[in-house]
Amino acid sequence: MVRRNSAPWTKALCALNVAIYYSVQCPALFSEETVVSPGWATALGQQLFGRWCPCVGPTPFYAMFALSGSALKTGHYWKLLTATFLHGSMSHVHGNMSALSNFGHTLEPSVGTARFLLIYACSGLVASMLSVHFLPLDKIGLGASGAVYGVVRLVPSLRTRTRPTGARSPLRFV
């Protein structure tokens with residue numbers, strides 16, 4: 001049985017992705033005007049249902065951190081990793097973080113924190129490289145889907161009962 005607190009980086013990655021999404025999409029949520037204005041609770045409630053701060057397209061933040069083929073041609077290689085922390089919509093971040101939370105709580109305690117972070121980061125980088133390969137140069141790519149997919153795909157390999165006695169774990173080289 002997995003203890004509830006045995007996956008600290010899964011929780012941290014989920015919290016970081018959600019915090020980045022809300023700070024980029026809805027900067028008004030973090031301003032003093034939102035807290036002081038009389039209708040802030042209504043505005044916050046509307047935000048939770050996605051009507052207050054819709055994604056209005058590329059912002060300067062996205063231009064600085066989102067992935068595109070043209071940006072990589074100019075040497076902005078950090079975008080291979082930073083794009084995995086950006087999301088385009090509330091349903092996008094919710095779907096990714098739901099999957100990460102569900103599968104990460106299984107994988108992280110089983111392989112250890114360092115391996116979990118390595119799996120997550122490598123999956124995200126490989127997915128970003130594939131995304132750049134298939135995206136047109138003028139389009140941006142973002143999201144943690146590739147990193148989450150790497151976590152999701154490794155969870156079934158943890159079933160030790162179905163492996164013959166003496167078989168090696170598929171995670172031994174990671």
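Visitor: What makes the largest pocket a pocket, and how much space lies in it?
Guide: About 150 Å³ of space lies in the largest pocket. On a 1 Å grid over the protein atoms alone, a pocket is an open set of points with protein on both sides within 12 Å along at least five of seven lines. This is a predicted model, where local features need pLDDT of at least 70 and side-chain atom pairs 80 or more, while totals for linings use all residues. Residues are numbered from 1 along each chain, and side-chain values use heavy atoms, without hydrogens and water.

Visitor: Which residues are called its lining?
Guide: Lining residues have an atom within 4 Å of a point. There are 14, of which Ala127, Ser128, Ser131, Leu142 and Gly143 lie nearest the centre. H8 gives the most, with four residues.

Visitor: How do you know that helix H1 and helix H8 come together?
Guide: Their axes, lines fitted to C-alpha atoms over the stretch in contact, come within 10 Å and cross at roughly 40°. Contact means heavy atoms within 4.5 Å; Trp9, Thr10, Leu13 and Asn17 of H1 make it with Thr113, Phe116, Leu117 and Tyr120 of H8.

Definitions and conventions: Axes fitted to C-alpha atoms, helices over the stretch in contact; angles between N-to-C directions. Helix = DSSP H or I, 4+ residues; strand = E, 2+ residues; numbered from the N terminus. 1 Å grid on protein atoms, 1.4 Å probe; cavity = no way out; pocket = protein on both sides within 12 Å on 5 of 7 lines; lining within 4 Å. Points joined across faces, edges and corners; volume = space filled by probe spheres on them.
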